[in-house]
Amino acid sequence: MVGAKGAYVGLSFWTQWPSREALEKQGRSATQRGLAWLMRLAVLAALVWDAVTQRQTAGTWSMLMLVAAVLLTGIIVYGLIHYTLGHRLWQSVAMAALLIGAAYLAKSAQAEVVATVLWCGCAVIAIERLPLAAAALVTAGTLGSYVIVGNTDSGLNKGLSVVGICLVGYVMRLDAEARGNTQRMLAQERAARAAEAESAALRERGRIAREIHDVLAHSLSAQMVHLEAARLLIERGGEREEVLDRVVAARRMARQGLAETRQALSALRGEMTPAEEFLRELVESEGARLSVDGERRELPAEAGFAVRRVAQEAMTNARKHAPGATVAVRLDYLPGEVELEVRDFGGQPVDNGLSASGAGYGLLGMRERAELLGGTLEAGPAEEGFVVRLRVPA
């Protein structure tokens, strides 16, 4: 298995194309792109100048044909670069073959510089942009022609020239691959950041939806308590003032629900009233009592929301199931967390028809909220009355 894997890796080394990011111009600075174009123009100008100076005795038409041939060679080079960018092997090899043929024609026409540049340039481009197996074949044909036909130096100089050209091409290939890897890493990082931003937006939407749901659920549940009480009074022939009081209370709860919705939206924008202050206002409006223990500190937004919503839900349950009972609220600042306890006592649970006025999911939703924050919520009968206890990290 290991041997097969090693063979596959070795084969892919020879047959794998350079990445598209490596073959593209992305990642190059404006200075690098400018220098590359300047070099291309300088080489092209040198080729044209050499071709013209080598044919000073030729007529105007011959010189124009020679210049056109050099420009056509530039088009072939562009085609080679374009096909390698698309990872099209046979078209790329065909373009390289045309360059080799153009070098032969330039050599036959005594344009030594043009032929040398075409041979060497073709080898460098092949090593840089083709799969190494194809690049080796193209380079062998190109540099073989250069050594046999186009180079009149000694054997040592020929060998050094071939090695130097191959090293230049391979260094350019490695540089392009490094640039391509950098571009891929940047693209992956941008994608990860975009996914993280989208995830954060979804979490924020969920938080907003949960807050609005809790506010409206509490407000509507409280209104249902009063409206159901008014209905029962009407059915049982209650006094007009009692019915009116219930209707007015429901109207007051509706207004309070709207105010709390606006307050929740303001809190989500960072304008939240401290939880302790909110509890004081709540117990004053409900005729309950509040005690605060521990070293006071500012609570995180999520913990503050949980304290507020649990207190509201517990108050609503006390009004529904034990009307007239005394309600005590205790907020305890503990090391690394905060505890809220809402206890009703002194009254007896009654079946006044209001217990079915809510959906029954209030405390369940509060428990889920606490668990999302890494905390706990306990609710159940105590020795006297009913107790709701919330503990969350803060």
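Predicted model: local features only at pLDDT ≥ 70, side-chain atom pairs only at ≥ 80, totals over all residues.
**Entry 1: salt bridges in general.** I began with the total, and the structure holds 14 salt bridges. I then took individual pairs in turn.

**Entry 2: helix α8.** I looked up the pair Glu228 and Arg231, whose side chains form a salt bridge at 2.4 Å, N to O. The two residues are about one helical turn apart, because they stand three residues from each other in helix α8. Glu228 has 17% relative accessibility and therefore counts as buried, the limit being under 20%. Arg231, at a relative accessible area of 35%, is partly exposed.

I also checked Ser221, which belongs to helix α8 (residues 155-235). Its relative accessibility is 12%, so Ser221 counts as buried.

**Entry 3: Glu341 and its partners.** I located Glu341 in strand β3, which covers residues 337-345. Which side chains does Glu341 meet? With the side chain of Arg389 I noted a polar contact of 2.8 Å. With Arg330 I noted a salt bridge of 3.3 Å, N to O. This second pair joins distant parts of the chain, as Arg330 is in strand β2 (residues 326-334) and Glu341 in strand β3, 11 residues apart. Both Arg330 and Glu341 are buried; for Glu341 the relative accessibility is 11%.

**Entry 4: Glu339 and Arg391.** I next examined the salt bridge between the side chains of Glu339 and Arg391, at 2.5 Å, N to O. It too links distant parts of the chain: Glu339 lies in strand β3 and Arg391 in strand β5 (residues 386-393), 52 residues apart.

I then followed the shared partners. Salt bridges join Arg330, Asp332, Glu337, Glu339, Glu341, Arg343, Glu378, Arg389 and Arg391 into one network.

**Entry 5: a surface patch.** Finally I looked up charge on the surface. Glu239, Glu241, Glu242 and Asp245 gather there in a patch of negative charge. Of these residues I placed Asp245 in helix α9, which runs over residues 240-268.

Note on methods: Residues numbered from 1 in each chain as written. Heavy atoms only, no water. Patch = residues over 30% accessible without salt bridge, like charges linked within 9 Å, V, L, I, M, F, W, Y side chains within 5 Å. Areas by Shrake-Rupley, 256 points an atom, 1.4 Å probe, with all protein chains shown as cover. Salt bridge = Lys/Arg side-chain N within 4 Å of Asp/Glu carboxyl O. Lys, Arg positive; Asp, Glu negative; His and termini not counted. Charge placed at Lys NZ, Arg CZ, Asp CG, Glu CD. Helix = DSSP H or I, 4+ residues; strand = E, 2+ residues; numbered from the N terminus. Buried < 20%, exposed > 50% of the residue type's maximum accessible area, 1.4 Å probe, protein only. Polar contact = N/O pair within 3.5 Å; in protein donor to acceptor, adjacent residues only side chain to side chain.
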